[in-house]
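This report describes how side chains pack inside one protein chain.

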Amino acid sequence: MTKIDKAVLLAAGRGTRMRELTADIPKPMIAVRGKPVLQHIIEGLRGAGVRHFLIVVGYRADVVRDHFGDGSRYKIDIEYATQVVQDGTGRVVDLARDFVGNSAFVLSYGDILVDPRNYKQLVDLADGVEAIITVKRDEDVSKGGAVFLNERMELVDLREKPKPGQPTSPWYNAGLYAFRPSIFEFTAKLQPSPRGEYELTDAIRDLAQSGKRVRALELAGEWADVRDPEILARLNRPA
C-alpha cells in the first residue's frame, strides 16, 4: 500500500459559464458556504494526510497566491506552477512532473467538491493499482465523461461527453484521481482531441488499455461540479 502525501490542484481556468462571478477571481476561488472551493479541497486533503500541494494557476493567479501563500498557515507546503496556454487538462499534468518526482499523487480539478471522507480512501493506493478514477452514478454523462468499468470496478474505457446514440455508462467521471508517475508516459504521447485540446482522460484510458490496473472509487455523500451559477446558488442555499 502506498500512502499518498502529494496533491496537484488545477486552478488555472476562469470558468466563463460563471459569467460576471469570475470577472475578478478564478472559478476555484468562488465561495461556497463561506470559503473558496479550493480551500474546501485543500482542507479535505490535509485531513487525509496530504502535506505537499502544487496549485496550477493561470487566470488571476494573484488571487490564489494571495489567499493561500506558501501554505504555512494551513500547516502544509504549497508550490505553484503556471499554465500559460489553456490547451487542455492533459498538458497541465505535465507541469507537475518535477513536483511529483517518483511519488504517487492525488489530482483534483479546482472546482470539484466532495464529502471529505472520500479523500481518505483516495490517498491509499493499493499495490498493483496504477491509478484511481473516482465516479458517481447517474449523473448526466453528456456534461462530462462516461466511465466504462468491468465487474471488478476496473476501468475499461472512458469517453468524453458521449453524444446521443453513442455508447454510454451509468458511471460519471467525478474529476478526482490518484496516479503513480507512470501517467506522465501517457500524457507525453497525447494528440489533440476533436476539440483541439490535450485531454487527461485520453491518457487515463490509454494507461488502462496498456494493461495497467486503473481502479474506480465510487464517491460517497455529497459531490458537486461547481460549473455554473445555478449549481453555486443551490450549494449556497441556507440549510
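## Aromatic pairs

Six aromatic pairs are counted in this predicted model. In one of them, the ring centres of Phe 68 and Tyr 74 are 5.8 Å apart and the planes meet at 45°, so the pair is classed as tilted. Phe 68 counts as buried because its relative accessibility is 2%; Tyr 74, with a relative accessible area of 7%, is buried as well.

The rings of Phe 105 and Phe 184 form a stacked pair, because their planes lie at 10°, with 5.9 Å between the centres. Phe 105 belongs to strand β7 (residues 105-109) and Phe 184 to helix α6, so this pair ties together parts that are 79 residues apart in sequence. Both Phe 105 and Phe 184 are buried. They also belong to one aromatic cluster, together with Tyr 109, Tyr 177 and Phe 179.

## Charges over rings

Two lysines are placed over phenylalanine rings. The charged end of Lys 6 sits over the ring of Phe 99, 5.3 Å from its centre. For Lys 189, the ring is that of Phe 186, and the charged end is 5.0 Å from the ring centre.

In soluble globular proteins, nonpolar side chains tend to be buried together. Here the largest nonpolar core contains 87 residues, and Val 8 and Ile 55 have the most contacts inside it. Strand β13 (residues 171-179) gives the most to this core, namely seven residues.

Leaving aside residues up to four places away in sequence, Val 8 touches several residues, among them Leu 54, Val 56, Phe 99 and Phe 105.

## Helices α1 and α2

Helix α2 (residues 61-68) has Ala 61, Val 63, Val 64 and Phe 68 as its buried residues. These four are on the same side of α2, because they cover an arc of only 165° around the axis. They pack against α1 (37-47), β5 (52-57) and β6 (77-82).

The buried residues of α1 include Val 37, Leu 38, Ile 41, Ile 42 and Leu 45.

## Thr 187 in helix α6

Thr 187 lies in helix α6 (residues 183-187) and counts as buried because its relative accessibility is 0%. What joins the side chains of Thr 187 and Asp 94? The link is a polar contact of 2.7 Å. Beyond four places in sequence, Thr 187 also touches other residues, including Gly 90, Arg 91, Leu 200 and Ala 203.

Note on methods. Residues numbered from 1 in each chain as written. Predicted model: local features only at pLDDT ≥ 70, side-chain atom pairs only at ≥ 80, totals over all residues. Heavy atoms only, no water. Buried < 20%, exposed > 50% of the residue type's maximum accessible area, 1.4 Å probe, protein only. Helix = DSSP H or I, 4+ residues; strand = E, 2+ residues; numbered from the N terminus. Arc of directions from axis to C-beta. Contact = heavy atoms within 4.5 Å. Polar contact = N/O pair within 3.5 Å; in protein donor to acceptor, adjacent residues only side chain to side chain. Core = buried A, V, L, I, M, F, W, Y, C linked by side-chain atoms within 4.5 Å. Phe/Tyr/Trp six-rings, centres within 6.5 Å; stacked < 30°, edge-to-face > 60°. Lys NZ or Arg CZ within 6 Å of the ring centre and 35° of its normal.
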